[in-house]
Amino acid sequence: MKQSSMASSSLEDTSKTTKLERYNSYLRRVNHTKLLAASSKLLFRVTLLVALILIFFFTLNYPPLSSSDNNYTHHAPLHHTNFLSSSFYTSGGGAAWEKQVRHSATPRRPNGFSILVTGAAGFVGTHCALALKKRGDGVLGLDNFNSYYDPTLKRARQAMLFKHQVFIVEADLNDADLLTKLFDIVPFTHILHLAAQAGVRYAMENPQSYVHSNIAGYINLLEVAKNANPQPAIVWASSSSVYGLNTENPFSESHRTDQPASLYAATKKAGEEIAHTYNHIYGLSLTGLRFFTVYGPWGRPDMAYFFFTKDILQGKPINIYKTHDEKDVARDFTYIDDVVKGCLGALDTAEKSTGSGGKKKGPAQLRVYNLGNTSPVSVAKLVSILEGLLNVKAKKHVIKMPRNGDVPYTHANVSLAYHDFGYKPTTDLSAGLRKFVKWYVGYFGIESRVKKGSLDD
Ligand SMILES: O=C(O)[C@H]1O[C@H](OP(=O)(O)OP(=O)(O)OC[C@H]2O[C@@H](n3ccc(=O)[nH]c3=O)[C@H](O)[C@@H]2O)[C@H](O)[C@@H](O)[C@@H]1O
């Protein structure tokens with residue numbers, strides 16, 4: 001009896017223990033499942049958050065290249081957009097960044113140059129940086145990516161250069177610490193200084209921007225360059241606008257340039273005088289290039305040929321300026337490839353600066369050249385060429401040129417540049433605009449809007 005009661009109590013015990021164990025194991029399973037559910041929920045949320053952050057930054061920085069909603073000019077106070085600007089990735093610091101700077105600036109040909117190209121995400125800057133890189137020079141870009149015109153285009157140019165291993169440091173010319181740091185990392189042999197506030201008419205809207213870039217920023221760059229050891233040779237962009245109200249024709253470097261018609265022209269002319277000073281005091285080798293209305297693929301959306309193309313395609317009216325005495329307004333439109341050859345020719349013939357560490361050791365080279373096409377074309381003719389290429393009739397408003405800094409005509413004599421480095425423009429306006437329009441429709445993904453045949457070579 002006792003035995004049987006013991007047996008039954010031990011059976012009861014065993015069954016209690018088994019139940020307890022089952023219950024515990026049930027609890028463990030429940031907890032485990034809960035834990036799994038909780039951790040997968042957490043994982044899901046973290047993934048979602050990361051995805052959202054990535055989408056946010058990509059939409060902010062890389063809107064689709066094919067967007068045809070090209071609102072080019074942004075004539076509001078300029079700002080320097082982009083999350084990259086505050087990041088270490090482009091504007092400085094860290095071993096990886098320094099490595100990238102050094103790698104980009106290292107030449108790949110014997111006796112190759114090591115060149116700092118300012119304004120590298122700009123129109124002429126991008127083309128020159130690419131040409132220099134392709135022939136084996138080391139090229140480091142600098143650009144502030146401001147919003148004077150849609151920075152999306154500047155970002156696309158940056159991406160193209162990056163594919164060719166040209167790195168652009170994102171910084172303003174006025175950032176002396178950053179510039180000094182770049183010269184500490186790289187002993188640049190040359191600077192191709194193309195960064196500037198461009199545009200003749202915009203100077204009436206935002207005069208300070210011209211002082212900021214074309215005067216203050218330029219001087220800041222020269223200060224850093226004159227202190228560098230070795231001092232680099234500098235080639236920089238002046239402008240045909242320095243001829244201002246000059247009436248002698250064609251424009252030659254010996255003509256007077258003391259009657260600028262716009263603040264833009266005045267700051268470029270000031271740049272030429274400032275070049276004289278830095279050459280005289282510090283022995284910097286300086287070459288100014290007077291560009292004549294440069295146009296072509298990857299061009300500037302604030303320029304007439306570019307926004308005329310957009311407006312004609314969109315059926316919007318365009319203004320064609322006439323002079324006050326009813327004459328055609330004309331420009332010596334110069335194709336980008338010709339200008340690039342001129343820039344490289346100027347770099348190749350630039351002598352070394354003679355100073356070092358801020359001290360002049362002897363006289364240094366000081367030059368100014370016209371880089372034009374030697375064949376002015378009226379704005380009316382430019383429009384008729386575009387009409388032919390686009391197969392669309394423009395809605396033309398012929399109006400008197402507003403008093404906004406424009407000059408009636410430009411016409412370059414380029415014999416000096418030809419003599420010194422063989423500069424010889426070879427592209428006429430029709431051929432150059434054809435190349436521009438081909439690029440334009442491809443870039444904005446609107447090939448179908450332009451009737452086949454009109455763009456064939
Ligand atoms: O050669 C230069 O130095 C200058 O060339 C261009 O200045 P600009 O010649 O005025 O070029 P656009 O703004 O493209 O104008 C081209 C022509 O179209 C005319 N135009 C412009 C705008 C418009 O609505 N209608 C019009 O007939 C202008 O008067 C000018 O004759 C650049 O914008 C400057 O940055 C550069 O320094």
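Let me start with two strands: strand 1, residues 114-118, and strand 2, residues 138-143, run parallel and are joined by five bridges. Strands here are DSSP E runs of at least two residues, helices are H or I runs of at least four, and both are numbered from the N terminus. Two strands count as paired if DSSP finds at least two bridges between them. One of these bridges links S114 with G138 of strand 2.

Before going on, this is a predicted model: local features need pLDDT of at least 70, side-chain atom pairs count only at pLDDT 80 or more, and totals for chains, interfaces and linings use all residues. Residues are numbered from 1 along each chain as its sequence is written.

Next, helix 5, residues 151-163. Its 13 residues reach 18 Å from first C-alpha to last, close to the expected 18 Å, which is 1.5 Å times one less than the number of residues. Which residues of helix 5 are buried? They are P151, L153, K154, R155, R157, Q158 and L161; buried means that 20 or more other C-beta atoms, placed from the backbone, lie within 10 Å of the residue's own. After helix 5 comes Q165, with a positive phi near 65°.

Last, the ligand. Strand 8, residues 317-322, gives the most to the shell around the ligand, namely three residues.

Conventions:
Buried ≥ 20, exposed ≤ 12 C-beta atoms within 10 Å, placed from the backbone.
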